[in-house]
Amino acid sequence: MSLSGGYDEYALIAELYDHVVPYRDRPDITFFVEAARNAGSPVLEVGCGTGRVLIPTARAGVEIAGLDLSPHMLAVCRQRLRAEPEAVQSRVLLAQADMRGFQLGRAFTLVTIPFRPFQHLLTVEDQLSCLASVRRHLVDGGILILDVFNPSLDALVNRPLGDEVADEPEFTLPDGRRVTRRHKTVAHDRSQQVNDFELVYDVKHPGGREERLVHAFRLRYLFRFEAEHLLARAGFAVEHLYGGYDKSEYGSTYPGELLFVARKTDG
Ligand SMILES: C[S@@+](CC[C@H](N)C(=O)[O-])C[C@H]1O[C@@H](n2cnc3c(N)ncnc32)[C@H](O)[C@@H]1O
């Protein structure tokens, strides 16, 4: 199983990413751009992918570094950046690196990990290595925003394994390929809090050819107090815990998100 959650296995997954309807419509960008504006330059996004959040942040006038392990995701990000005005491009620095141990040689006011890259880390050891690297890259009193999903107890217990769920609209790529995406939970490892998922892409080419691409990856889920203990152990104090990107209180909807704003503690 790949180390970057499968994003480095096929260039096509990176190419499709920005067109997937639930990703395209994800309501988190304003939240992260506002946090970056409030913190001020420079900001680091860990697991920046194709620049979905990073590029709007740079457009908002903030200097931002993006780190990702997948060369394919970074290639799409670079391509998207080339279409931006020079001033936006000049605010961005991209690095291919593993979030479990990186050294960028500078400190940031804010480090964000939007849309769950942290859940590709499957052991406490990897989680702590990542948080130690993040901490080393923060200025004194700097902020970490950790964004993970809140595991639904109902889904954990009752979601059938192996069913392909088709609840997303079809989308069309600029070259006319039509894509339907389904998702499937393949296995639960409840003792390790890890689920095996598959995203299945059925691609119809304009000439009629059809292909099926499977993005398989594992995700670890974290519960609220587990994450709080982990952050405390790694030298962070939680200042806010939101249940959504509208800053709604955690618990006001269920399951909602687990969106931590945590400050680097002294020492
Ligand atoms: C769901 S995408 C999120 C991308 C972006 N933050 C966004 O909000 O669209 C997860 C990203 O995490 C990256 N990733 C997974 N494991 C990683 C690791 N060990 N180090 C760095 N990046 C990693 C993947 O390559 C992928 O780009």
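On a 1 Å grid over the protein atoms alone, a pocket is an open set of points with protein on both sides within 12 Å along at least five of seven lines, while a cavity is a set of points where a 1.4 Å probe fits but cannot get out; lining residues have an atom within 4 Å of a point. Grid points are joined across faces, edges and corners, and a volume is the space filled by probe spheres set on the points.

The model you are looking at is predicted: local features need pLDDT of at least 70, side-chain atom pairs count only at pLDDT 80 or more, and totals for chains, interfaces and linings use all residues. Residues are numbered from 1 along each chain as its sequence is written, and side-chain values use heavy atoms, with hydrogens and water left out.

## Pocket and cavity

Let's start with the open space. The second largest pocket has a volume of about 240 Å³. It is lined by 14 residues, of which A35, N38, I143, I145 and V261 are the closest to its centre. Two or more lining residues come from each of α3, β5, β10 and β11, and α3 gives the most, with 5 residues. These element names follow DSSP runs, numbered from the N terminus: helices are H or I runs of at least four residues, and strands are E runs of at least two.

The structure holds 1 cavity of 30 Å³ or more, and the largest cavity contains about 30 Å³ of space. Its lining is made up of F32, A36, V43, E45, V53, T57, I64 and T112. Here α3 (29-39) and β1 are the elements that give two or more residues.

## Strands and how they pair

Two strands pair if DSSP finds at least two bridges between them. Strands of a sheet pair through backbone hydrogen bonds, either parallel or antiparallel. You can find both senses here. β1 and β4 run parallel and are joined by 3 bridges, with E45 opposite T112 in β4. β4 also runs parallel to β5, joined by 5 bridges, and V111 stands opposite L144 in β5. β4 is largely enclosed by the rest of the structure, because 6 of its 6 residues are buried. Buried means under 20% relative accessible area, exposed means over 50%, and partly exposed is in between (1.4 Å probe, protein chains only).

An open sheet of 4 strands has the order β6-β7-β8-β9, with antiparallel pairing. Its edge strands, β6 (171-172) and β9 (210-220), each pair on one side only. β8 (residues 194-204) is antiparallel to β9 over 11 bridges, and E198 has A216 in β9 as its bridge partner.

## The nonpolar core

A nonpolar core is a set of buried Ala, Val, Leu, Ile, Met, Phe, Trp, Tyr and Cys residues joined through side-chain atoms within 4.5 Å. The largest one has 29 residues, and V46, F118, V134 and F236 touch the most other members. Elements that each supply at least two residues include β1 (43-46), β4 (108-113), α7 (124-136) and β5 (138-149). The largest share, 4 residues, comes from β5. Leaving aside residues up to four places away in sequence, V134 touches V46, F102, V111, L144 and F236, where contact means heavy atoms within 4.5 Å.

## Cysteines

C48 is buried, at 4% relative accessible area, and C130 is buried at 0% relative accessibility.

## Backbone details worth a look

| Site | Feature | Angle |
|---|---|---|
| S41 to P42 | cis peptide bond | omega about -10° |
| Y254 to P255 | cis peptide bond | omega near 0° |
| F115 | positive phi, not a glycine | phi about 60° |
| K247 | positive phi, not a glycine | phi near 65° |

P42 is in the loop between α3 and β1, and F115 is in the loop between β4 and α7. The loop between β10 and β11 holds P255 and K247. F115 counts as buried at 17% relative accessibility, whereas K247 is partly exposed at 39%.
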